[in-house]
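These are my notes from a first look at one structure. I wrote down what I looked up, in the order I looked it up.

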Amino acid sequence: MTASNTCRTTAARARIAAVGAIAVAGTLLLTACGDQTSGGGSDEGTTASSAALFDKLPKKYQDSKVIKVGTDAAYAPMEYEEGGKIVGIDPDIAAALGKELGVTFQFTSGTFDGLISSLNSGRQDVVMSAMSDTKARQEGLDDTGKKVGEGVDFVDYFTSGVSLLVKKGNPEKIASLDDLCGKKVAVQRGTIYEDTFKTQATKCKTDGKGTLTIEAFDTDAEAQTRVKSGGAVADLNDYPVAAHIAKTAGGGNDFEVAGNQTDAGPFGIAVDKDNAQLRDALKEAVDAIIKNGEYKKVLEKWDVTNSAVTEATVNAGK
């Protein structure tokens, strides 16, 4: 998924959630970018200073033994709220990283479009939220190519393509993006999925195949509701998320994945560009859990082994 570099009031952007409201538990940290919800962490990790990569960390984290993580915990199975705790693929990977680094990854949930701002402002140390590594984010550019921030570095740890999510039975017979011309779609604001739909809308117009109307919402849960009600023909999400929604929403009776996943690319842990030592320590930790098998265990647990990487990379997104 993607995020903008500006606060919610100045940049569009959103993300996915399981169908229906998810109760948000925890302390509300009031910020200029909106409420941020504290609700989880990789508390299964070790905090022992004898951890293999503890000495690789900046002293700040050696002293606190905590790395603060910004996330949007409404994106099952990547990260979501369950029993007042943030759980999912990213928290499990973070717990494994924590064992190698000797720290706890403390997750705080907020709106997706404010995550990079929370990182740049220092409220969070990293962002781990199924965030797509893109050149625009690396360079601090908004959707129009305008420079709006310093950008971030990414430690890439996962790969995923995108898939269309349609109403169960696929009444409009959607099989590809080209089938959306002349129709209405719903999407989370500020995501790369919204960008994909905008690109497709231009293509539809150029090809003379009708107008593609895009409705953007603050959360993907709202976009899903729109599709479920028949108000839009499709939503767009990362493949693991779309497949999870299709399998679980309404007992598997609300949605299905249409067509093949496309545009596979890396998810990255976002780190401030001035925090190169933390970035490099995280890269070593990702490589370590790949080598020791803990990474594979997490992906097997969530049935996403097809999204595995063989080694960590830095800023490999395009």
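I started with L97 and looked up its contacts, a contact being heavy atoms within 4.5 Å. Leaving aside neighbours within four places in sequence, I found L97 in contact with F105, M128, I269, A285, V286 and I289. L97 lies in helix α2. Is L97 buried or exposed? L97 has a relative accessible area of 0%, so it is buried. The cut-offs I used are under 20% relative accessible area for buried, over 50% for exposed, and partly exposed in between, with a 1.4 Å probe and protein chains only. I also checked L97 against A281: 184 residues separate them in sequence, and their C-alpha atoms are 9.9 Å apart in space.

Before going on, I noted the terms of the model. This is a predicted model, in which local features need pLDDT of at least 70 and side-chain atom pairs count only at pLDDT 80 or more, while totals for chains, interfaces and linings use all residues. Residues are numbered from 1 along each chain as its sequence is written, and side-chain values use heavy atoms, with hydrogens and water left out.

Next I looked at confidence, given as pLDDT, the predictor's confidence in each residue from 0 to 100. The protein chain averages a pLDDT of 86, and 85% of the residues score at least 70. I marked residues 2–37, where pLDDT stays under 50 and the model has 135 contacts beyond four places in sequence. I marked residues 43–47 as well, where pLDDT stays under 50 and there are 15 such contacts.

Then I took the chain as a whole. I counted 9 helices and 14 strands in the protein chain. Of its 318 residues, 53% count as buried. Among contacts between residues at least 6 apart in sequence, 76% join residues at least 24 apart.

Two packed helices are described by the angle between their axes and the distance between the axes. The axes are lines fitted to C-alpha atoms, for helices over the stretch in contact, and the angles run from 0 to 180 degrees between N-to-C directions. Under 35 degrees counts as roughly parallel, over 145 as roughly antiparallel, 65 to 115 as roughly perpendicular, and the rest as oblique.

The axes of α2 and helix α8 (residues 276–292) cross at roughly 105 degrees and come within 9 Å. That makes α2 roughly perpendicular to α8. On the α2 side I listed I93, A96, L97, E100 and L101, and on the α8 side A281, L282, A285, V286, A288, I289 and N292. Sorted by class, this contact has 10 nonpolar, 1 polar and 1 charged residues. In this sorting Ala, Val, Leu, Ile, Met, Phe, Trp, Tyr, Cys and Pro are nonpolar, Asp, Glu, Lys and Arg are charged, and the others, Gly among them, are polar.

Helix α2 (residues 89–101) also packs with helix α9 (residues 294–301), at an angle of about 160 degrees and with the axes 10 Å apart. The two are therefore roughly antiparallel to each other. I89, D92, I93 and A96 in α2 meet E294, Y295, V298, L299 and K301 in α9. By class I noted 6 nonpolar, no polar and 3 charged residues in the contact of α2 with α9.

I moved on to helix α7 (residues 239–248), where P240, V241, A242, I245 and A246 are buried. What do the buried residues of α7 pack against? They pack against β4 (74–75), β9 (152–167), α6 (220–229), β12 (235–238) and β13 (255–272). Just after α7, I noted G250 with a positive phi of about 60 degrees.

Last, I looked at some loop residues. P77 sits in the loop between β4 and β5 (79–82), and a cis peptide bond with omega of about 5 degrees joins A76 and P77. K173 is in the loop between β9 and β10. Its phi is near 55 degrees, a positive value in a residue other than glycine. K173 counts as exposed because its relative accessibility is 61%. G190 lies in the loop between β10 (184–188) and α5 (192–206), and at 0% relative accessibility G190 counts as buried.

Methods: Helix = DSSP H or I, 4+ residues; strand = E, 2+ residues; numbered from the N terminus.
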